[in-house]
Amino acid sequence: MKDQANWGPRLGPLPARVGIVILNWNGHDVLQDCLRSIFALRYPCFQVIVVDNGSTDGTTEMLERDYPNVLRIENKVNLGFAAGNNQGIRLALERGNEYVLVLNNDTILDPDCLTRLVERAQSDSGIAAVSPKIYFAQPPDWLWFAGGTFNYWTGRNGHVGYKKSDTGSWNAAEEVEFISGCALLTSRTAWQNIGGFDELLFTYSEDVDWSLRVRKAGFKLFYEPRAVVWHRESFSTVRNGWQAIQLYYCTRNPMVVMWKQGRWWHWVTFLPFHVALSFKHMLQALSRRDWTSIVKIVEGFRDFPALARQAKLSQRTKVGLINHESSL
């Protein structure tokens, strides 16, 4: 870890300090674009932390050369989305930041994005996290995320406005059921009360799990359309040849999340839906003669029971610790 801070200038009353955590895995080119947009932000007080998950594409050298003031955590291997972001968030809080912006490396921020997110977060102490309006990078007026939904009966989250041209229909700030880990601003208070992303999930569905925990804890998730981000969807997955492995996690992890967060009656509809969707993915892979993807889907079902037991045990342990601390 290279321990250097990068605070923007402070003008007038001190604004809330924000740590911007960017997880990177062989994203040299997109990370450069992301950092350029961050250092063009009009928000006066932020600090950038890049968590690198074992990149081999020259990312470290680029950061040392072009962004020496960025804090770095350099992992020797890919620890996944959950663990990598948890590392960065812990460091951001240790450095005294009041808010943390979790950000994909394949995003580009509007100059006023962070200002708008912080304004919304500070408008209500019950808000745990805020999401911006997120567009596709191409075409830049197509929506990727304008609020999130979650259905316990299917175990699926949804992106409001997904792949629709922005006609102004999604310009109202509102409370939502799900918030994407692509870009979210969370507060120190919320993170300390709710905890981090579940590292058992490794990658995919960890933002769904966290969103459900937020709402069960009585906090709010908010969508702020005045804050704008552009996103190159699935860059790391494609760049690193992870399409088949993505199917593994997208098969396994929704079942783990439902095992943790749902009720038995939700499984009456969730499981048939999930099996049917997985069978569809297998047929698509079969049409491409993609045997690796078929194997990974099967492995996702195979590995679910053991991970579900771990997840439940982890939950009980955390609850016990919280109850013990509250009794002291």
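Modeller: Let's start with a term: a residue is buried under 20% relative accessible area, exposed over 50% and partly exposed in between, using a 1.4 Å probe and protein chains only. By that rule, buried residues make up 52% of the 328 residues in the protein chain. This is a predicted model, where local features need pLDDT of at least 70 and side-chain atom pairs count only at pLDDT 80 or more, while totals for chains, interfaces and linings use all residues. Residues are numbered from 1 along each chain as its sequence is written, and side-chain values use heavy atoms, leaving out hydrogens and water.

Colleague: Why is Ser131 called buried?

Modeller: Its relative accessible area is 0%, and the limit is under 20%, so Ser131 counts as buried. You'll find Ser131 in strand S6 (residues 127–136). Helices (H or I, at least four residues) and strands (E, at least two) are DSSP runs, numbered from the N terminus. The protein chain has 10 helices and 12 strands.

Colleague: What does Ser131 touch, beyond residues up to four places away in sequence?

Modeller: Among them are Leu117, Phe145, Ile179 and Phe222. Contact here means heavy atoms within 4.5 Å.

Colleague: Why does Gly195 count as partly exposed?

Modeller: Gly195 has 21% relative accessibility. Buried stops under 20% and exposed starts over 50%, so 21% makes Gly195 partly exposed. Gly195 sits in the loop between helix H5 (188–194) and helix H6 (206–216), and it touches Ala190, Trp210 and Arg213, leaving out residues up to four places away in sequence.

Colleague: What makes H1 mostly covered?

Modeller: In helix H1 (residues 28–38), 8 of the 11 residues are buried. Those buried residues include His28, Val30, Leu31 and Cys34. Helix H8 is also mostly covered, with 14 of its 19 residues buried.

Colleague: What makes something a cavity here?

Modeller: On a 1 Å grid over the protein atoms alone, a cavity is a set of points where a 1.4 Å probe fits but cannot get out, and lining residues have an atom within 4 Å of a point. Grid points are joined across faces, edges and corners, and the volume is the space filled by probe spheres set on the points. Searching the whole structure gives 1 cavity of 30 Å³ or more. The largest cavity holds about 40 Å³ of space.

Colleague: Which residues line the largest cavity?

Modeller: They are Arg156, Cys250, Thr251, His274, Leu277, Ser278 and His281. Helix H8 (243–261) and helix H9 (267–287) are the elements giving two or more residues to this lining, and H9 gives the most, with 4.

Colleague: How do you know how the lining divides by residue type?

Modeller: Ala, Val, Leu, Ile, Met, Phe, Trp, Tyr, Cys and Pro count as nonpolar, Asp, Glu, Lys and Arg as charged, and the others, Gly among them, as polar. That sorts the lining of the largest cavity into 2 nonpolar, 4 polar and 1 charged.

Colleague: What marks out the backbone at Phe202, Tyr204 and Pro139?

Modeller: First, the background: most residues other than glycine have a negative phi, and most peptide bonds are trans. Phe202 has a positive phi of about 70°, and Tyr204 has one near 75°. Phe202 is in the loop between H5 and H6, and Tyr204 lies in the loop between H5 and H6 too. The peptide bond from Gln138 to Pro139 is cis, with omega near -10°. Pro139 is in the loop between S6 and strand S7 (143–145).

Definitions and conventions. On a 1 Å grid over the protein atoms alone, a cavity is a set of points where a 1.4 Å probe fits but cannot get out, and a pocket is an open set with protein on both sides within 12 Å along at least five of seven lines; lining residues have an atom within 4 Å of a point.
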